[in-house]
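Colleague: I am new to reading protein models and would like to learn it feature by feature. Could we start with how parts of a chain pack against each other?

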Amino acid sequence: MMRLEQETRMRHRSKTLGFVLAIMSGWLGLVASCAAEPDEDVLGKSSGYPLGPRWSAMTNRVGSWSALDRVPGVLGQFVRHGENVLPLPKALQPPEIKYRFRSQAYTLDDYLERRRVTGLLVLKNGEIVAERYRYGRSEEARFLSFSMAKSVTSMLIGVALEKGVIASLDEPAGQYAKDLAGSAYGATSIRHLLRMSSGITFTERYDGQDDVAKLSYSFATGSPSTLSVLRSFSERHSPPGEKFVYASAETDVLGRVLTGATGRSMADLTTEWLWKPLGAESDAFWCHGRDRQAGAYFCFNATLRDWGRLGLLMANDGKVAGRQIISADYLHEATDIAKQPAAFAPAKATPYFGYGYQFWLQPLKERSFVFQGVHGQAVFVQPATGIVMVQTAVYAQASGAQDPEPHTERAALWLGVLQSLGGRTERY
């Protein structure tokens, strides 16, 4: 009798436990479903977000674009950090970040559930207001810049000018990049290259058939050489300095100006002039082409927090811990709408942004600017209010011209960050 009662109780407990487990399993499944990140299966989650030599393949984007130094066949050189790390303390009571998009209210977490963002960092006066990693990324990941690297190249030009390594921005590029002497790019001034106003015809549509595809193919394979590709562009659609036309070739030339003027690599210059002085906490790296020249226009890689420190350096007009490491005058020339010719203002250079010295100028009355790369990479900076936002991403399309929706929502988020943190949003 006792044995039968024990078995009955055991069967009852087993059914109860099974029911509870079933409920928990369903609940956990619901949580997992809710926590799914946009397009994670397409982006290679089941394979652990693999690395791969085809950088733009969907299943390789998350893995390769956060660890390019571990992708077979990629050449490069590390940028070393120093012993003194600039602290980024976490805000004790960070305000909630909200924004509006398409007449709907959203939070920062809503944004991350809607877009292919691998990392997002928000700083206010050097404190971390928000820091998020997605798709299995972590604070150790070194995120590929794409064209955010152009702004880093500009910063190095500013230091070179201050040190007298480059005598004047109005000198022709061929004065320093000797291999380009006698070419159209070699005859173009450094200032016109900084503003992407050489007037030289160069197409950048991201369709695989344009001039930037030719440039990138030569970078990756060495055949034909990148120098021969650069020298092949000779026609001008307009006189130098008159018109902004986005052209990655112009930043490649600026990288050659830097290495030609100094006899040193971009990585060495970045280590000495930027990385150690600004207090980076991790090593970064530049990718190299087959000619061992750094990809000045697209291939700098750094952690999310160190991208934030670069933004903070710009927010402080080139100063760190009381030390001026980039000329404030140069940075204002690079990022202030009022210091650009009229053709480079917002709504003139492009329908939305203006353009400075390799920085995108936002259409706001308060000086605000962006380092910006394809597929969603960006560092937004508003110096007067100390607000910086960094985003790394794996958008499906390269630019807002191909798919405006994610870029438009990112702009809405930035305005929401400004509004949430006491920034200024009055339109230019």
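Colleague: Which residues of H4 meet which residues of H9?

Modeller: From H4 come Val 152, Thr 153, Met 155, Leu 156, Val 159, Ala 160 and Lys 163, and they meet Met 266, Leu 269, Thr 270, Trp 273 and Leu 274 of H9. To meet is to be in contact, with heavy atoms within 4.5 Å. Helices (H or I, at least four residues) and strands (E, at least two) are DSSP runs, numbered from the N terminus. This is a predicted model, in which local features need pLDDT of at least 70 and side-chain atom pairs pLDDT 80 or more, while totals for chains, interfaces and linings use all residues. Residues are numbered from 1 along each chain as its sequence is written, and side-chain values use heavy atoms, without hydrogens and water.

Colleague: At what angle do the axes of H4 and H9 cross?

Modeller: Two packed helices are described by the angle between their axes and the distance between the axes. Here the axes of H4 and H9 (residues 266-278) cross at roughly 70° and come within 11 Å. Axes are lines fitted to C-alpha atoms over the stretch in contact, with angles from 0 to 180 degrees between N-to-C directions. H4 is therefore roughly perpendicular to H9 (65 to 115 degrees; under 35 is roughly parallel, over 145 roughly antiparallel, the rest oblique).

Colleague: How do the axes of H9 and H10 cross?

Modeller: The axes of H9 and H10 (residues 304-315) come within 10 Å and cross at roughly 100°, so H9 is roughly perpendicular to H10. On the H9 side the contacts come from Leu 274, Trp 275 and Leu 278. They meet Asp 306, Arg 309, Leu 310 and Leu 313 in H10.

Colleague: What does Ile 325 touch?

Modeller: Leaving out residues up to four places away in sequence, Ile 325 touches Val 159, Trp 273, Leu 274, Pro 277, Leu 278, Leu 313, Gly 318 and Val 320. Ile 325 itself is in the loop between strand E10 (323-324) and helix H11 (328-335).

Colleague: Is Ile 325 buried or exposed?

Modeller: Ile 325 has 9% relative accessibility, so it counts as buried (under 20% relative accessible area; exposed is over 50%, partly exposed in between; 1.4 Å probe, protein chains only). From its C-alpha atom to that of Gly 255, 70 residues away along the chain, the separation is 19 Å.

Colleague: How many residues has the largest nonpolar core?

Modeller: That core has 95 residues, and Phe 300, Trp 307 and Phe 371 have the most contacts inside it. H4 (residues 148-163) gives the most to this core, with 8 residues. Another core lies apart from it, with 34 residues, among them Leu 112, Val 117, Leu 413 and Val 417. A nonpolar core joins buried Ala, Val, Leu, Ile, Met, Phe, Trp, Tyr and Cys through side-chain atoms within 4.5 Å.

Colleague: How many aromatic pairs does a search of the whole structure find?

Modeller: The search finds 24 of them. In one, the ring centres of Phe 359 and Phe 371 are 5.4 Å apart and the planes are at 85°, so the pair is edge-to-face. Rings of Phe, Tyr and Trp (its six-membered ring) pair if their centres lie within 6.5 Å; planes under 30 degrees apart are stacked, over 60 edge-to-face, the rest tilted. Phe 359 lies in the loop between strand E11 (354-355) and strand E12 (360-361), and Phe 371 in strand E13 (residues 369-372), so the pair ties together parts 12 residues apart in sequence. Both Phe 359 and Phe 371 are buried.

Colleague: Which residues form one aromatic cluster?

Modeller: Phe 244, Tyr 246, Tyr 352, Phe 353, Tyr 355 and Trp 360 form the cluster.

Colleague: Now the backbone. Which residues other than glycine have a positive phi?

Modeller: Asn 125 is one of them, with phi of about 55°, and Met 196 is another, with phi near 50°. Asn 125 lies in the loop between strand E4 (117-124) and strand E5 (127-133), whereas Met 196 lies in the loop between H5 and H6. Asn 125 is exposed, with a relative accessible area of 58%, but Met 196, at 1% relative accessibility, counts as buried.

Colleague: Where is Ser 197 found?

Modeller: Ser 197 is in the loop between helix H5 (190-194) and helix H6 (211-221). Ser 197 counts as buried, at 1% relative accessibility. Apart from neighbours within four places in sequence, its contacts are His 192, Pro 239, Pro 240, Gly 241, Glu 242, Lys 243, Glu 250 and Phe 344.

Colleague: Which residues does a cis peptide bond join?

Modeller: The cis bond joins Ser 223 and Pro 224, with omega about -5°. Pro 224 sits in the loop between H6 and helix H7 (226-232).
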